[in-house]
Amino acid sequence: PVQLSAQSTEIVSRMISSASSTIKSEVHLFSSQTHQLNDDVDLDSYVWSQRAGRLLQLVSALSGNDHSHSINLSVVGLDNVAIWKESLTSTGHSKLGDKLFLSLIYVLQNIKDDTERRKFIGLENEFSQVLPWIFMSFVHSKTTLSEWNSEMVSRCNVLLNILGGVEKCPKDFVEVCCEEIVKIIDKSMKSEVDEETTDPILARGVIVLDWLLGICCGDSKEDVDKTIAFAADDINPNDVKKGDFLWYVTNPRDVDVKCLPVQVEKIHNDDFPNLYFTIRVQSEKGEKKHAERQTVASRLRRQQFVVQPSSSSKSRERNENSSFRKHIELKIVDNLIRPYTSKLTTDHKVTVRTQTASELLNVVIHRCGLSGKRGLGSLRYDVYQIISSFGSNIRNRLEKSIVDEETTLLIRCFSIALGFGHLTAPHDNCSHLNYTPNTTVASMSNLFLKDEIDEDVNSVIDIPFRKSVLMFLQVSVMSATEQESIHLMKLIHEVASKTLDNISSSKIADSNGLSLSNLTMKVLDKTQTSICRFPRSDSSISTLDAEQNNISTILRCFVNIWTDDQNENTALGKYMDEIDSTIFEHGKEPSWYSSFAKFTIRNITTPSDHFVEAIFSNSNLICQTLNSETKRWFGFQLMMLLVNFADKCCTDEDPDISPKTEQLFHEWKDGMDLDEAEELEEDISVSARWLPQHIMNELESWDKHPISYDEADSENKAMARMLEWLICLDFLDRSAAIDMRNRSHISSYIKQTGATRAVFDVALKYAKLDNNKDSSSWISCIGMEQKDFNLSDVCTLVVFRSVEVLPTLVKTWWTDYCPRSMQNTISQFVQLRIAPEALRRELVRINDATNLGEMKVNGSCVSREVTATYIQDECQLSVVIKIPQSFPLRNVEVDCKKTLGIGEKRWRHWSLQIMRMVNKDDGSILNALMFWKQNVEKEFDGVEPCPVCYSVLCVKTHAMPKLECKTCKNRFHSTCLYKWFSSSGKSQCVLCQEPWSGTKIS
C-alpha cells in the first residue's frame, strides 16, 4: 500500500470501480460465450486473469488509504453464484467450467501470499457462500457419469493446495463447507423436477461432500470394544519383509479369536500400492504345518495381544472430529436418506433421489463411520435396517421373477449403498456393518444358475439388469469367506460369460458394450483378488475354465470393442507456475484404460496358465493393437508375456499357415530345386509354429510396401513395425533356447521375406546413433514402467537387437544395402555401444545355461574372448573364440591350437565349423559351442564330417551326412552338396570330381 492524497485516492477509486465493472461484465459474458469457446480458452483465461490481477494489485495498493476496498472475489465478479451454477447445468458446461477454473486459478497465482489468497477466496473472515458452488463446478463433468475415481476432484485439490493446504485453512472451513453442501443437496432433492431426470447439482454435490468428509474424517474404523482394532500395532505393508514372524488374525470380527503364528513367505506387489502376502502358519507342539495362504497387512500383528492405547494419534485425531462427525451423519441420514428410502416396497418407484440417498449411505458409512451408540434405536441400527430393506425387497422381486427396470434400479442402489463406488469412493461396507448379503446372492443364484432358465424370465434379463447384478457381486465378493467366494465366483463367471458373449457377438451398442465389458473386467479382477486370499481347492479349480473363457473374451473386447478414442481434451494449464498442469491429462485416456491397466499388470506380474492361454488364442488380434497409440502398450506387454511361455503354447502338430504365406511360398519356390523348396517349406513351418500369423504376414509385406513418410500417420506405422520386429526377435531367441535349429529356420525365413532391409530403412530414419548418449534410455525403453514408447529410443533398440539376434543378416545388409554415408556411423555405434552390451548379455546366457554338461566355458568382456574346454576320450579339447569389437561387421576368429592329442586337420575343421555358424548362420556363441560339442561327440563315435562344411551335423537341420558318392564313397549333407552344385555350376563330386551319381543312405 502507498499513501495518496484525498484527491488521488478518489481518482484511483473511480478507476478501480470502472475497471471492476468491466472485469465483471466479461465474467457475465462467459456463459453466453460457451458456444464460442475453443482451444484458446486457456489463453483467454490467462489474459483475463492478468488484467484481473493488475486490478487486484491496484486495490491492494489503495487499501491503506480507502478501507472500503479489499481484494476478494466480488472485485473481479467471481462471487456470482449464478455463473458457477450455470457451469453445472448449461449445455456448454464443460468449456464454461474450464474457463472458470482457469480464470480463478490464474488469478490466485498472481497473488503471491497464501494468506491473501485465502482472504480473496473468503476463508479468513466471513465464509463465502460461493465456495461450495466453486468446488462443485470443479468436479470433472465427464466423470460424473462413470465409476468413481480420484480424478473427479483433482481440480478441487488444486484449489485447496494453492490456498496453502487444508492445514493452513481455518479449522472449521471444511465443516462449514459440508454443512452448506448438505443444504444444497437437500434443497435440490426437495425441488419439483422430473423424478427421472439426472440432476447435476445432486451428482456433483455428493462427490464434493464425500471428498470434504474424506479430508475431515478420513475412512471409518470400527469401535475398539467391538472388534480387533490394534492401532498401536497396525502394520505398515511397506515394512513387512520376507521371512518376518508375525501373528495372523483369523477372524477380525471376533475380538476373542486366537491369533496364529505365521511366517511371511512372499510379498506380492501386483496390486501396488495395495500389497498382500503369502504366509505359512507355524507348527505348534507337533501339529502339522498348515497350507500357505494369502492375506493383507490389516490381518497381521507384531504382538499376539495388544491393548489399544487411548493416547494414540489416530484416536486423538478421530476424537477431535467426533462431535462434528456425529452431527453431520445424523443430519445426512435424517434429511437426505430416510425420506427417500423409508417407502421401499415392491410397488415403490425408485427415483434419482433414491439413488442419491444410496450414494449418501456409502458416505455416512465410509466417511462418518456410524461410531456412536449401537443397538435398537441407534443411528447405526437405522442404517442397517435401510440396507436390509434394500436386500429384502430385491429378494421378494427375484422370488416372484420380477426382472424389470425397478428391480434393476433397486439392485443398483443396493450395490452403491454397500460401497460399490459410483459417485463416492468405494468401501467394504458389508464388513463395516457386519452385513451378510448371502440371502440376496442365493436369490440371484436361483435365477442364473438354474439348469433351465424360464424363457419368459430369460427374455427380460437385459443388459442394465446384468450390469446391476455385476455391481452387486463386486461388493459382495469383497467381504466373502472362502466358501462364499467360491459360490460367488461361479455366479460371477456365469453372469460375466453371458454378458461378454453378447458384447463380443456385437449384440450391444458400442457405448453400452464398452461400459459393461469394462465393469465385467473389474468384477473379475476383484474376484481374482478375493479368491487369492484362500488356498486353491477342488471347488475353486472347477471354475477355472469359465475364468479362462472370460479372460479370453475380455481380450477380444479390448481388441474389437474398446475404442481408443480419447476423451475431449484441450491444451489447458500452459501458463501455470505453481500447479502441475498434468491434472488436465486426467480423463484423457478412454474410460477402460486405467482398469484394464490394473488388470493387465496384475496378470502379467503373476501370470496364470489360463491367462497365457487366453493371450495365445487371441495373439493375432492382440498384435493388431500395435497400430493403436492407446492400445499398443497393452498389446506389446501381452505379447512379451506370451514370448516367455511360448514353449508351452507351441505343439508338434502341423501349424496353421495363413493363405497369404501359402501364396507367397508358391511364388518363392518357383525355379528352386526340389530339396531347396522342401527346405524353404520347413523354414516356413518352423516359423509358423513360433511366430503369430499376423507377425508373419507383416514381415512378408514390408519389403513390398515401404512406409510413405509424407503420410500423417507415418510415425504411428513406423512404431507398429518396430514393435512387431522386436516381438519377432524375442520369439526367435526363445525358440533357439529350446532348440538351436529353430534359429536357422526362422532366420532363413526372415531372409526370404527381405524384412531386414525394410526394418533398417525405418530404424535409421528415427534412431539416434549417438555414441555419447547413455544407452540405458533405449535399452529399457519398452519396459513395463514405460507407458509411452519413444520412437527414437525404440528404433535405436531395434538396431541393437537386430545386431544381437541376427548378426549375419545385419552384416549382409550393412555390406550390400547400407548407405555409404551411414556405414561409418553404424560401425562406430556397433563398436562402442552394441558390441560390449551384446557380449555381456551373451556371457550371462552362457553362465545361466544348464545343458553344457562337462564342457566348461569362461569369457571376458575386457579381452573379448570366450574359452571352452571339453574332455573326450582322455583328450582335452580347447577352443578360444575371439570376438572383434565391431562384430558382427567383422568376423570372429577361432583358435583350437591348444587342443592336445588331436590332429591339425581335425581341429582346423572344428575352427571352420564354429566360424561358419557364428559368422554365416546367425548362430550365437552359446549355440556354436553346443554345436561343436555335439560334433565332437559324433566324430569320436566314428562318424566322418561332411567334406563341404567340415561338420558331422548339418548346421541348419542337425542331420548326418547321408548322400554317398558311388565313386569315392564320401558322404555329404544334401543341403551342402546342392549349394556346392549351385555355386560351382557343376554337378560333380566335390572330392573325386566325377559326375555325381550318389545314393541316399538311410
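Modeller: The largest nonpolar core has 231 residues, and Leu-104 and Leu-159 have the most contacts inside it. By nonpolar core I mean a set of buried Ala, Val, Leu, Ile, Met, Phe, Trp, Tyr and Cys residues joined through side-chain atoms within 4.5 Å. Buried is under 20% relative accessible area, exposed is over 50%, and partly exposed is in between, with a 1.4 Å probe and protein chains only. Bear in mind that this is a predicted model, where local features need pLDDT of at least 70, side-chain atom pairs need 80 or more, and totals for chains, interfaces and linings use all residues. Residues are numbered from 1 along each chain as its sequence is written, and side-chain values use heavy atoms, leaving out hydrogens and water.

Helix α9 (residues 200-217) gives that core its largest share, 12 residues. Helices here are DSSP runs of H or I with at least four residues, strands are E runs of at least two, and both are numbered from the N terminus. Leaving aside neighbours within four places in sequence, Leu-159 touches Leu-104, Ile-105, Leu-108, Leu-131, Ile-134, Phe-135 and Phe-138, contact being heavy atoms within 4.5 Å. Another core lies apart from the largest one: it has 32 residues, including Leu-843 and Phe-887.

A polar atom of the Thr-341 side chain is 2.8 Å from the backbone oxygen of Ile-337. Beyond four places in sequence, Thr-341 contacts Ala-357, Ile-386 and Phe-390.

As for cysteines, the model has zero disulfides, taking a disulfide as a pair of cysteine sulfur atoms within 2.5 Å. For Cys-178, the nearest cysteine sulfur belongs to Cys-216, 6.0 Å away. Cys-178 is buried at 0% relative accessibility, and Cys-728 is also buried at 0%.

Then there's helix α35 (residues 791-805), where 15 of 15 residues are buried. From first C-alpha to last, α35 reaches 20 Å, close to the 21 Å expected; the expected span is 1.5 Å times one less than the number of residues.

Last, the strands: β1 (residues 245-249) and β2 (residues 259-268) pair antiparallel over five bridges, where pairing takes at least two DSSP bridges. β2 also runs antiparallel to β3 (residues 276-281), joined by six bridges.

Key. A polar contact is a pair of N or O atoms within 3.5 Å; within protein, one must be able to donate a hydrogen and the other to accept it, and residues adjacent in sequence count only if both atoms are side-chain atoms.
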